[in-house]
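Have the viewer open as you read.

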Amino acid sequence: MFKSLYRMHRNEDRIQPEAVLTGKGVFVMLLIFLSEQLAAQGISALITLFDLPLGVMEVNLIVNGGAMLLMFFFFGGFFIENLKSFFREFKAIYVWLPLTCYFCSTMANVMIQVMLAFVRGEFQNTSNNALVIELINKYPLQLLLLTVLIAPITEEAVFRAAFCRPMTASGKGWLTVLGFVISILLFSFFHIYQFAFFEADPSGAVHLTFNFNEFLSILVYIPMSVGLALCSFFGRNYWCSVVCHMLTNAIAVFMIIAAGNLVK
């Protein structure tokens, strides 16, 4: 049954075939992703309603960990096939491509941050990054597990393996462009939507809103999203973009931890 969720795609420049999700696989992956987001909102509402002793970190670990387990259950074959081809036919591109994409996306991100500082009149960190920094100071080991292991695996499965690679592997120009655009926009939007469109009052109740300043922060995540999409396209392997994502998050977390230790 689960083999119908992916197909083996033969690339001209690769000896080993690449596992690519089918239409049914994309649909199942989308259901898992939506369930993850709904579960996060539901657990947060229960915490507020019953005053449960759970914080943001616990909720994220429960929801993201549960999503990863579901993905392994349904897409275990997909992950394993890509992992086998990754090591059986290990290429230099699996090393230099993530490093190059990380370096270029970081430089582009710095330029966008400078541009936004001019527009806003001051440098502002994104709310998502500010939350990560706060959680690092409280739960460094748990956040490392979440950001360096769990998040890259789950987010790449959704935004690259599901929303990007099935279209870019088609060989059709317009589908390739569409795959890039969808992946880049959805990944960037995913990191800002809860801060741009939702606001919690002092009682903990969440209301719909629109914060243009937070919405503008979507530009900060576009360079990383472009880099990860390029890793997926040129690497032709799910784990290539995962490596780039892990590298990006690991360096960011360790820099924040190092900066905090210097301040102390």
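Let's count ring pairs first. Rings of Phe, Tyr and Trp (its six-membered ring) pair if their centres lie within 6.5 Å, and the planes sort them: under 30 degrees apart is stacked, over 60 is edge-to-face and the rest are tilted. By that rule there are 27 aromatic pairs. Two of them are set out here.

| Pair | Centre to centre | Angle between planes | Type |
|---|---|---|---|
| Phe2 and Phe74 | 5.3 Å | 70 degrees | edge-to-face |
| Phe197 and Phe215 | 6.1 Å | 80 degrees | edge-to-face |

Before going on, a word on where this comes from. This is a predicted model, in which local features need pLDDT of at least 70 and side-chain atom pairs count only at pLDDT 80 or more, while totals for chains, interfaces and linings use all residues. Residues are numbered from 1 along each chain as its sequence is written, and side-chain values use heavy atoms, with hydrogens and water left out.

Phe2 sits in the segment before strand S1 (6-9) and Phe74 in helix H2, 72 residues apart. (Helices, H or I with at least four residues, and strands, E with at least two, are DSSP runs numbered from the N terminus.) Phe197 is in the loop between helix H8 (193-196) and strand S3 (198-200), and its partner Phe215 is in helix H9 (residues 212-216), 18 residues away.

How accessible are these rings? Here buried means under 20% relative accessible area, exposed means over 50%, and partly exposed is in between (1.4 Å probe, protein chains only). Phe2 is partly exposed at 28%, and Phe74 is partly exposed at 23%. In the other pair, Phe197 comes out partly exposed at 24% and Phe215 partly exposed at 28%.

Ring pairs also build a cluster, made up of Phe33, Phe159, Phe163, Phe187, Phe189, Phe190, Tyr193, Phe197, Phe198, Phe210 and Phe215. One of its members has a charge over its face: Arg160 lies 4.5 Å from the ring centre of Phe187. The test is that NZ of Lys or CZ of Arg is within 6 Å of the ring centre and within 35 degrees of the ring normal.

Arg236 does likewise over Phe233, at 5.7 Å from the ring centre. Arg236 is in the loop between helix H10 (218-235) and helix H11 (238-263), and is partly exposed at 21%. Its phi is positive, about 55 degrees, although Arg236 is not a glycine. Most residues other than glycine have a negative phi. Phe233 itself is in helix H10. Leaving out residues up to four places away in sequence, Phe233 touches Arg165, Thr168, Thr176 and Phe180, where contact means heavy atoms within 4.5 Å. Cys231 also belongs to H10, and is buried at 0% relative accessibility. Beyond four places in sequence, the contacts of Cys231 include Leu97, Pro98, Cys101 and Arg236.

Now the cores. A nonpolar core is a set of buried Ala, Val, Leu, Ile, Met, Phe, Trp, Tyr and Cys residues joined through side-chain atoms within 4.5 Å. The largest one has 44 residues, with Leu21, Met29, Phe75, Phe78, Phe79 and Tyr238 making the most contacts inside it. Helix H5 (residues 140-162) supplies the largest share, nine residues. Another core of eight residues lies apart from it, and Ala196, Leu216, Ile218 and Tyr221 are among its members.

Past its neighbours within four places in sequence, Phe75 contacts Leu5, Leu21, Gly25, Val28, Met29 and Ile32. H2 has a kink of about 85 degrees centred on Phe75, the bend being the angle between axes fitted to the seven residues ending there and the seven starting there. Expected span is 1.5 Å times one less than the number of residues.

Helix H1 (residues 23-50) is another story: its 28 residues reach 40 Å from first C-alpha to last, close to the 40 Å expected. Its buried residues include Gly25, Val28, Met29, Ile32 and Phe33, and the buried residues of H1 pack against strand S2 (18-21), H2, H5, H7 and H8. After H1 comes Asp51, with a positive phi near 55 degrees.
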